[in-house]
Amino acid sequence: MKKKILVLIEMIVVGLLTFVLTYTNALSALDYIAKDKLYQRPRGIDNDIKIIGIDAKTMDEYGPIQTWSRERYADLINKLNIDEVSKPYVIGFDILFSGNVDEGDEALTEAAGKYDNVVVVDQLVYSERSERNEDGILYAPVIDNILPYEELYDSVEVGFSNVSPDSDGTVRRILPLESYNGETCRMFSKIMYDEYCEKVGITPKDIPTDKTGRSIINYSGKPGDYEYISMADVLDGNIDPRAFTDSVVFVGAYEQGMQDSFFVPNGGSRQMYGVEIHANIFQSYLEGRFAVNGNPAVLGLITAVIAMLLHLLFRQQRLWQSVVVLVAVIAIEVFVLVRINEAGTSFSVIYLPLVLVISFIYSVGIHYLLENAKKRKVLAAFRKYVAPQVVEEISKKGDFEIKLGGENRDIAVLFVDIRGFTTMSEALEPEKVVEILNEYLSLTTKSIFDNSGTLDKFVGDATMAVFNSPFDLPDYEYKAVCAAMDIVKGGEALEKDLLEKYGRSVGFGVGVHCGPAVVGNVGCDFRMDFTAIGDTVNTSARLEANAKKGQVLISDTLYERLKDRIEVNEIGQIPLKGKSNGVMVYEVTRV
């Protein structure tokens with residue numbers, strides 16, 4: 001019952017932990033990493049999206065960009081719009097043409113207005129102080145808008161180019177629409193998409209947005225994936241303008257020194273130029289592949305229930321089964337969440353696996369501790385009647401299951417009894433009787449353990465020991481006889497000491513026999529005893545009953561096995577209670 005209550009409490013803790021972590025996204029930095037790896041996989045870029053880059057080659061040829069006349073951009077527009085059949089659908093300049101510079105402004109205005117396929121950018125300026133809208137959601141208000149020079153602004157479509165990195169500096173989301181001075185501003189990539197749809201005659205797709213108006217970009221390409229051509233090669237005629245027929249062209253900075261590069265989810269340590277980010281956003285519009293954050297409470301509840309059930313399974317199943325389930329559930333969760341993200345809803349991905357791993361480790365640890373406790377309990381029990389070296393063997397073997405049943409083994413059985421104990425107990429005080437008995441039993445136990453025997457039981461003033469049980473013991477017959485002789489010799493020294501103390505003396509009678517017996521746990525589920533039963537045990541007990549003080553009697557069976565290693569006196573055949581035929585008995589005098 002206690003274990004069930006404990007597991008129930010653990011399940012509740014696991015469920016609450018899963019829900020709280022998922023709902024609060026407490027480890028957002030780690031979750032970003034996981035979602036970037038799973039959700040932002042390369043999907044293949046659209047070859048009709050091309051980038052003309054203002055790169056190092058261009059600036060080497062024409063000088064720093066800030067020194068250019070805007071007539072150079074007019075030349076680029078004119079070259080790309082070589083004729084009505086070959087011109088691009090849309091040309092987008094991710095370049096802020098703010099303020100008038102020179103007479104080149106007029107040329108750029110004329111070229112941009114002439115072909116009706118040019119889009120340029122403005123730039124929003126946000127307040128550093130956040131405010132709450134009418135729904136209580138925090139946002140940063142727009143306080144200014146840096147526009148292109150007036151003539152160009154009046155001639156082309158204009159969209160804001162701002163991209164906002166997340167807290168870890170990575171650009172994952174966009175704000176397609178923004179409000180300023182009561183007007184709605186569209187993002188540069190959004191205007192490019194709308195212009196493209198108008199040119200090809202399709203209806204623009206609506207994209208999902210969250211309560212803050214943002215959408216998550218599902219990137220199609222990594223940094224450098226989109227086809228890039230140096231602006232110098234186009235202006236110099238090294239690239240045929242017909243290469244841009246029916247394409248969407250983005251023109252922008254393509255050099256690190258121009259400070260228009262950002263970290264992106266699928267870029268690793270490489271940054272992506274702003275013009276590439278807008279190309280990815282444009283393709284996401286084309287394919288309708290944006291996502292919004294899903295309701296964390298829903299995911300939290302679902303994963304909390306899963307985590308609770310799996311914790312219960314971990315606490316009950318074997319290690320390998322738990323590992324299989326753990327890996328399978330994590331794989332299924334990843335697969336499902338990736339599919340859901342592709343359908344437009346993004347959820348945190350790390351919290352269920354994280355809690356499950358913690359639950360698994362905890363369950364393994366608890367199982368280990370319980371098994372160790374069980375091991376210590378069993379070893380503590382064995383130490384009371386098994387020699388230390390046998391206990392060590394049990395510990396190494398690692399099988400600690402206690403159950404009813406036994407096995408047939410060939411063993412040596414030793415019985416020893418105190419001669420004269422009854423007379424002594426009648427003459428002495430009970431306390432002194434117990435003290436003497438404890439000294440004798442300590443002697444017999446030490447002698448048995450010193451010879452690797454197993455202490456089976458104490459029966460009043462008698463002791464039973466077995467050799468070659470519960471594990472194999474080399475030369476067990478000889479060790480049983482050695483233990484018997486050690487008991488007798490030790491008894492002689494103890495007898496003198498007791499005679500001086502109490503004026504009373506006693507001695508040992510020992511019987512040893514060997515043969516087959518059933519060895520194991522005998523009893524019931526709530527009370528069992530590890531012992532040996534059978535004729536071998538009975539014969540040994542009968543030999544002990546016939547032994548005189550200081551005498552070790554063995555059977556002829558045992559003598560035949562050890563006759564070259566022991567010295568004996570032949571006692572002869574004597575009848576033993578319970579046996580129809582007598583047994584040849586020998587007294588051991590020396591080993």
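Tutor: The model is predicted, and local features need pLDDT of at least 70, side-chain atom pairs count only at pLDDT 80 or more, and totals for chains, interfaces and linings use all residues. Residues are numbered from 1 along each chain as its sequence is written, and side-chain values use heavy atoms, with hydrogens and water left out.

Student: Why is Ser-452 called buried?

Tutor: Buried means under 20% relative accessible area (exposed is over 50%, partly exposed in between; 1.4 Å probe, protein chains only). Ser-452 has a relative accessible area of 11%, so the residue is buried. Its phi is near 65°, a positive value in a residue other than glycine.

Student: How do you know that Asn-468 counts as buried?

Tutor: The relative accessibility of Asn-468 is 9%, therefore it counts as buried. Asn-468 also has a positive phi, about 80°, although it is not a glycine. Most residues other than glycine have a negative phi.

Student: What makes a set of residues a nonpolar core, and which residues have the most contacts inside the largest one?

Tutor: A nonpolar core is a set of buried Ala, Val, Leu, Ile, Met, Phe, Trp, Tyr and Cys residues joined through side-chain atoms within 4.5 Å. The largest has 45 residues, and Leu-414, Phe-467, Val-510 and Ile-554 have the most contacts inside it. Apart from this core lies another of 38 residues, among them Phe-160 and Tyr-285.
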